[in-house]
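This briefing covers a predicted model. Please keep the sequence and the coordinates at hand while reading the points below, which are grouped by topic.

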Amino acid sequence: MVDGRISRTAPAFFPVVMPVDASLVPQRELYTGALMPAIGLGTFGSDRFSAEQVAHAVEGALEVGYRHFDCASVYENQDSIGAVLRDFPRSQLWITSKLWNDKHAPGDVVPACQQSLAELGTDYLDMYLVHWPFPNFHPPGCDVSSRSPDARPYVHSEFMATWREMERLVDLGLVRHIGTSNTTIPKLELLLRDARIAPAVNEMELHPHFQQPELFRYVLNKGIQPIGFCPIGSPARPDRDRSPEDTVDIEDPVIVRIARDHGVHPAVVCVKWAVQRGQTPIPFSINRNEYESNLASTVTDPLSADEMRALAETDKNNRLIKGHVFLWKQDQSWEDLWDPAGVICQ
Ligand SMILES: NC(=O)c1ccc[n+]([C@@H]2O[C@H](COP(=O)([O-])OP(=O)(O)OC[C@H]3O[C@@H](n4cnc5c(N)ncnc54)[C@H](OP(=O)(O)O)[C@@H]3O)[C@@H](O)[C@H]2O)c1
């Protein structure tokens with residue numbers, strides 16, 4: 001203490017993180033030539049954090065240097081986030097939103113996007129994703145046994161009817177890019193065959209314990225950028241997405257050791273690994289020290305080749321967001337949602 005005030009040079013008991021110069025954050029080039037920040041802030045409150053808490057995090061994240069925000073209508077907080085974003089120069093932001101499953105009918109796509117635009121306080125989106133490749137609806141906050149009575153498997157002709165409207169959003173100037181989410185290789189094969197405007201990204205679960213190497217390589221080879229959700233292993237995820245066999249990335253001994261060597265939390269190692277591997281992680285947090293350290297990890301010294309190799313070997317093929325609530329048959333394995341045999345499950 002100096003004169004009763006905390007000295008600016010007082011020793012810190014936790015790593016002090018400075019705001020990051022947003023222009024130094026790595027970027028990904030999309031096939032259109034557009035540049036997207038290689039880290040974004042997730043905004044799903046996991047049914048735990050209120051819209052106000054998430055919007056407050058967005059405000060803080062802008063202050064510390066985030067420019068990319070991963071939003072969705074089903075997160076039920078876009079209007080609160082929009083109230084924050086609308087005060088920031090639009091050209092410096094990368095805003096993603098997503099079409100929810102109950103709006104796949106062709107007549108619903110443009111109005112759903114317009115509603116997200118209104119909520120987010122912008123006249124265009126940088127990226128608009130089809131949140132899931134199924135029209136199977138589940139209400140926010142539901143439990144793992146919830147099923148939509150008219151749930152059905154992937155039907156390519158129906159998905160293409162939705163995609164044609166997604167393409168129309170680009171034609172109308174309402175969105176700059178369109179993309180997929182939770183979409184497997186066999187579904188992407190059909191989409192790439194039939195699309196007039198190809199997906200620019202595929203948002204997929206990616207963290208050290210779930211690296212999806214085949215899908216990761218596939219999308220990059222097709223000029224599609226992988227966006228990685230649950231990059232920390234989603235320790236605060238809703239109960240419906242928890243299974244007894246799930247592993248915990250941030251308790252992995254390799255990740256804990258590397259974190260100790262770098263003087264950071266294991267979560268930060270997960271984020272740093274993700275950016276260095278080549279995906280775009282969208283970590284969520286409402287805690288400033290957490291989202292600030294996550295962003296700072298993208299501009300500090302890289303992990304060594306040995307550390308990257310050790311992290312690659314932590315993969316446990318442990319999918320966390322299994323998607324039970326989107327199943328369409330009684331007694332069906334959640335694995336059917338993910339086409340494990342390389343063909344679309346019916
Ligand atoms: N497209 C899709 O279908 C889909 C699906 C799921 C998620 N997403 C998107 O992906 C985003 C991220 O996923 P997620 O929120 O499930 O999981 P996540 O980012 O892997 O985990 C978030 C949690 O990690 C902890 N955390 C974050 N940074 C930390 C740090 N530096 N140190 C310590 N702990 C830290 C926080 O836990 P505490 O709160 O306990 O501190 C936070 O709640 C979502 O917000 C959403 O935007 C998309």
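A cavity is here a set of grid points where a 1.4 Å probe fits but cannot get out, whereas a pocket is an open set, and lining residues are those with an atom within 4 Å of a point.

**Cavity and pocket**

- The largest cavity has a volume of about 40 Å³, and its lining is made up of Asn182, Thr183, Met204, Glu205, Gln212, Leu215, Phe229, Arg319 and Trp338.
- Sorted by class, the residues that line the largest cavity are four nonpolar, three polar and two charged.
- The second largest pocket holds about 540 Å³ of space, and its lining comprises 20 residues, of which Gln212, Arg319, Trp338, Asp339 and Pro340 lie nearest its centre.
- Gln212, Arg319 and Trp338 are named in the lining of the largest cavity and also among the residues nearest the centre of the second largest pocket.
- Of the residues lining the second largest pocket, eight are nonpolar, five polar and seven charged.
- Helices H5 and H6 each supply at least two residues of this pocket lining, and H6 gives the most, with three residues.

**The sheet and its edges**

- Eight strands form an open sheet, in the order E3-E4-E5-E6-E7-E8-E9-E10, and the pairing is parallel.
- Strands E3 and E10 (280-281) stand at the edges with a single partner strand each, so one side of each is left without a neighbour in the sheet.
- Strand E4 (residues 68-70) is joined by three bridges to strand E5 (residues 94-99), the two running parallel, and in this pairing aspartate 70 stands opposite threonine 96 in E5.

- Which way do the residues of E8 point? Val201, Glu203 and Glu205 point one way from the strand, Asn202 and Met204 point the other way, and all of them are buried.
- Taken as a whole, strand E8 (residues 201-205) is mostly covered, with five of its five residues buried.
- Two bridges join strand E7 (residues 178-181) to E8 in a parallel arrangement, with serine 181 standing opposite glutamate 203.
- Between these two strands the chain passes through helix H5 (residues 185-194), and this β-α-β crossover from E7 to E8 is right-handed.
- E8 is joined to strand E9 (residues 225-229) by five bridges, again with the strands parallel, and here glutamate 203 stands opposite isoleucine 227.
- From E8 the chain crosses through helix H6 (residues 213-221) to E9, and this β-α-β crossover is right-handed.

**Packing of helix H5**

- The buried residues of H5 are Ile185, Pro186, Lys187, Leu188 and Leu191.
- These buried residues pack against helix H4 (156-171), strands E7 and E8, and helix H6.

**Two aspartates with positive phi**

- Aspartate 47 has a positive phi of about 60° although it is not a glycine, and its place is in the loop between strand E3 (41-42) and helix H1 (51-64).
- Aspartate 47 is partly exposed, with a relative accessible area of 44%.
- Aspartate 339 also has a positive phi, of about 50°, without being a glycine, and lies in the segment after helix H10 (305-312).
- Is aspartate 339 buried or exposed? At 5% relative accessibility, aspartate 339 counts as buried, because buried means under 20% relative accessible area.

**Phenylalanine 88**

- Phenylalanine 88 is found in the loop between helix H2 (78-85) and strand E5, and at 21% relative accessibility it counts as partly exposed.
- Apart from its neighbours within four places in sequence, phenylalanine 88 is in contact with Leu62, Arg67 and Leu93.
- From C-alpha to C-alpha, phenylalanine 88 and alanine 34 are 20 Å apart in space, while 54 residues separate them in sequence.

Conventions
Residues are numbered from 1 along each chain as its sequence is written. This is a predicted model: local features need pLDDT of at least 70, side-chain atom pairs count only at pLDDT 80 or more; totals for chains, interfaces and linings use all residues. Side-chain values use heavy atoms; hydrogens and water are left out. Buried means under 20% relative accessible area, exposed over 50%, partly exposed in between (1.4 Å probe, protein chains only). Helices (H or I, at least four residues) and strands (E, at least two) are DSSP runs, numbered from the N terminus. Two strands pair if DSSP finds at least two bridges between them. A crossover is right-handed if, with the strands pointing away from the viewer, the path from the first strand over the helix to the second runs clockwise. On a 1 Å grid over the protein atoms alone, a cavity is a set of points where a 1.4 Å probe fits but cannot get out, and a pocket is an open set with protein on both sides within 12 Å along at least five of seven lines; lining residues have an atom within 4 Å of a point. Grid points are joined across faces, edges and corners, and a volume is the space filled by probe spheres set on the points. Ala, Val, Leu, Ile, Met, Phe, Trp, Tyr, Cys and Pro count as nonpolar, Asp, Glu, Lys and Arg as charged, and the others, Gly among them, as polar. Contact means heavy atoms within 4.5 Å.
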